[in-house]
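Keep the model open while you read. The text below walks through helix packing, a charged pair and a surface patch.

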Amino acid sequence: MGAHNGLCRSKGWNIFWRYFFSEFCSLFSVEVGMDIHIKVHHPHTNVIGLGDSSSWRVPQLPRYVYMFFAPLFLPCLSPLISVKRLFQAGKIKSAVKCAFIMFSGLATFIYLLQVFSGLSLGKAIVTLFASRSLTTPSYIHVNIFQHIGLPMYSQKNRPPRSILMSTGCLNLNGVPFLDVIFGHSLISCHLEHHLFPHLSDNMCRIVKPIVREHILQNGLTYNEDTYWNRLKLFVKEYDTLMVNAPPITHYIGIA
């Protein structure tokens, strides 16, 4: 939520928390995240060529490898991906700053594990990345479940924002522990988060009944499903959804 300025009212503190949680704690570049998520995904949700979630597709990987095995390596790869993308964009200073903050965070967590758990350096590193890998399959899942397979739109014929968000986002229900781990805005209130990205997790949860009622009263789509149903769908239809993406004219909503 720091990236959305939704943690506190102070702009300065939001910037601090943005770097703290993203780079220091999560080992992922703030600038890369802002470019991909804030500037593209949110304003152009499910618009083909922009926020169509195509960056999550890795068609070279078989379904079970992609869905359950490859995500385990994400904590190790994300720092490298961040620095690489910044260098490729010519942002050398940003890449160096990002690498320094991520290394500082990594060193701090390893040090804390050594001090309070009595682990050796090697065991602390393994423990750190292994613990982070526990939730990465679910992190990949929720990011693809909530947009891919829903209506896509061409850039020239995109609908009004309310229709774009209501048809292109899905709330995942029935998994309370994911709400705790990732927050309501990413799980059970994802549509509300896309409509009001600056709201906190708690506020997204509070406005959810009002948003749902308003959308349904106006004849729009309010997408909800369970994590288990989406998981079964993506495993079964993996080739269709994640490998052989159909031409844009096959998508519902393209005019």
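Start where helix 7 meets helix 12. On the helix 7 side, the contact residues are Ser138, His141, Val142, Ile144 and Phe145. Helix 12 answers with Tyr227, Arg230, Leu231 and Phe234. Sorted by class, this contact holds six nonpolar residues, two polar ones and one charged residue. This is a predicted model.

The geometry comes next. Helix 7 covers residues 136-145 and helix 12 covers residues 227-236. Their axes are 11 Å apart, and the packing angle is about 85°. Angles of 65 to 115 degrees count as roughly perpendicular, so helix 7 is roughly perpendicular to helix 12.

Helix 1 spans residues 11-25, and helix 2 spans residues 30-41. Their axes come within 9 Å and cross at roughly 100°. Helix 1 and helix 2 are therefore also described as roughly perpendicular to each other. Which residues in helix 1 meet helix 2? They are Arg18, Tyr19, Ser22 and Glu23. Their partners in helix 2 are Val30, Glu31 and Met34. By class, the contact of helix 1 with helix 2 has three nonpolar, one polar and three charged residues.

Helix 2 has another neighbour to follow. Its axis and that of helix 4 come within 9 Å, crossing at roughly 75°. Helix 2 and helix 4 are therefore roughly perpendicular to each other. From helix 2, Glu31, Val32 and Ile36 take part in the contact. From helix 4 come Ser82, Arg85 and Leu86. The class count for helix 2 with helix 4 is three nonpolar, one polar and two charged residues.

Glu31 is listed in the contact with helix 1 and in the contact with helix 4. The side chain of Glu31 also meets that of Lys91 in a salt bridge, at 3.4 Å from N to O. What does this pair link? The two residues join distant parts of the chain, 60 residues apart. Glu31 sits in helix 2, while Lys91 sits in the loop between helix 4 and helix 5 (92-117). The model's salt bridge count comes to five.

Val65, Phe69, Leu72, Phe73, Leu77, Leu80 and Ile81 make a nonpolar surface patch of about 610 Å². Which helices each supply at least two residues of the nonpolar patch? They are helix 3 (63-69) and helix 4 (74-88). Val65 is one of the patch residues, and Val65 lies in helix 3. Helix 4 gives the most, with three residues.

Note on methods. Residues numbered from 1 in each chain as written. Predicted model: local features only at pLDDT ≥ 70, side-chain atom pairs only at ≥ 80, totals over all residues. Heavy atoms only, no water. Axes fitted to C-alpha atoms, helices over the stretch in contact; angles between N-to-C directions. Helix = DSSP H or I, 4+ residues; strand = E, 2+ residues; numbered from the N terminus. Parallel < 35°, antiparallel > 145°, perpendicular 65-115°, else oblique. Contact = heavy atoms within 4.5 Å. Nonpolar A, V, L, I, M, F, W, Y, C, P; charged D, E, K, R; others polar. Patch = residues over 30% accessible without salt bridge, like charges linked within 9 Å, V, L, I, M, F, W, Y side chains within 5 Å. Areas by Shrake-Rupley, 256 points an atom, 1.4 Å probe, with all protein chains shown as cover. Salt bridge = Lys/Arg side-chain N within 4 Å of Asp/Glu carboxyl O.
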